[in-house]
Amino acid sequence: MKLIVDSGSTKADWIAIDDHGKILFTTQTLGLNPEILEGDQIVARLEDRFDIQQSKKEATHLFFYGAGCGTDRMKISLTAVFQDYFPNAKIVVEEDTYAAVYATTPKDEKAIVCILGTGSNCSYFDGTQLHQKVQSLGYIVMDDASGNVFGKELIRKYYFNKMPKDLAVEFEKEFNVDPDFIKNKLYKEENPNAYLATFAKFLIQHKETEFCQKIIRKGMKSFVKNYIQQYDNCKEVPVHFIGSIAYYLKEELQHTFDKYNLQLGNVLRRPIDGLISYHVANK
């Protein structure tokens, strides 16, 4: 049994397949980002799912693609946690961008591959290896155009009275805007980046308004200038995207790309289905 996992900070999609690619089960856990979770917290999230718990000894391979796995330190740490939990499995831990590459980019082709979900990143794939120009410092100072950054911007606009009154009323209906509640979520509870990203759905729901369009355009422009344009050949190769922000704001992405003469490639909400085909073809 092979376990394939695509994990962001908010959630992780799991698929178990046999050697022929037949799906044995699918499930979902909370996100397993090793940058913000300790080993025991990760194990607790695994134990919360019966299918995963029952597969501990049956799994022969675990292919894990996750947010927060971009450094050797995090890969080694998470590999050790998984090896203890799945004692008979070969463990492979890669950053989530590799899942995006395998799901969006045809074999041996060159492309820039990006993730716009709870967080964001951008890499160049030369047909064999990934290359990054920007080292992520996490959601507090980076993650341009991500769900958590858009969420942060909405909260700021609301509290600085910069949000139109009609939208502010809708915002109050949809979210608990009590300052103590928000501060507890941000500074006392787990996954503050995922909490911030929950506000981004408001931006998507009201994306036709000029207020939201300004925020979206600013974020997309920032992502292009700070991430994509780091690569000298950015206008020569397609730029693929994975993630809910990219998926639901595809029109806005295309508009921004047209301004910068960039080639928008494949845009997928999540890569997990494409990963099945990849791992069956690459036994």
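Buried area here is the accessible area, taken with a 1.4 Å probe, that two parts lose on being put together, summed over both. In this predicted model, the two parts in question are domain 1 (2–100) and domain 2 (105–268). Between them they bury about 1,100 Å², with 48% of that falling on carbon and sulfur atoms.

As for the layout, the C-alpha centres of the two domains sit 25 Å apart. Counting contacts, 12 residues of domain 1 meet 13 residues of domain 2.

Then there is the polar side of things. Across the interface, 6 residue pairs are in polar contact, both partners being at pLDDT 80 or more. Two elements each give two or more residues to the face of domain 1 that touches domain 2, namely helix H1 (39–47) and helix H4 (96–104). Of these, H4 gives the most, with 4 residues. Sorted by class, that face of domain 1 holds 4 nonpolar, 5 polar and 3 charged residues.

On the charged side, the tally between domain 1 and domain 2 is 1 salt bridge. Glu190 and Arg45 form a salt bridge, and their closest N and O atoms are 2.6 Å apart.

Terms used:
Residues are numbered from 1 along each chain as its sequence is written. This is a predicted model: local features need pLDDT of at least 70, side-chain atom pairs count only at pLDDT 80 or more; totals for chains, interfaces and linings use all residues. Side-chain values use heavy atoms; hydrogens and water are left out. Domain bounds come from an automatic or database domain assignment. Contact means heavy atoms within 4.5 Å. A salt bridge is a side-chain nitrogen of Lys or Arg within 4 Å of a carboxyl oxygen of Asp or Glu. A polar contact is a pair of N or O atoms within 3.5 Å; within protein, one must be able to donate a hydrogen and the other to accept it, and residues adjacent in sequence count only if both atoms are side-chain atoms. Ala, Val, Leu, Ile, Met, Phe, Trp, Tyr, Cys and Pro count as nonpolar, Asp, Glu, Lys and Arg as charged, and the others, Gly among them, as polar.
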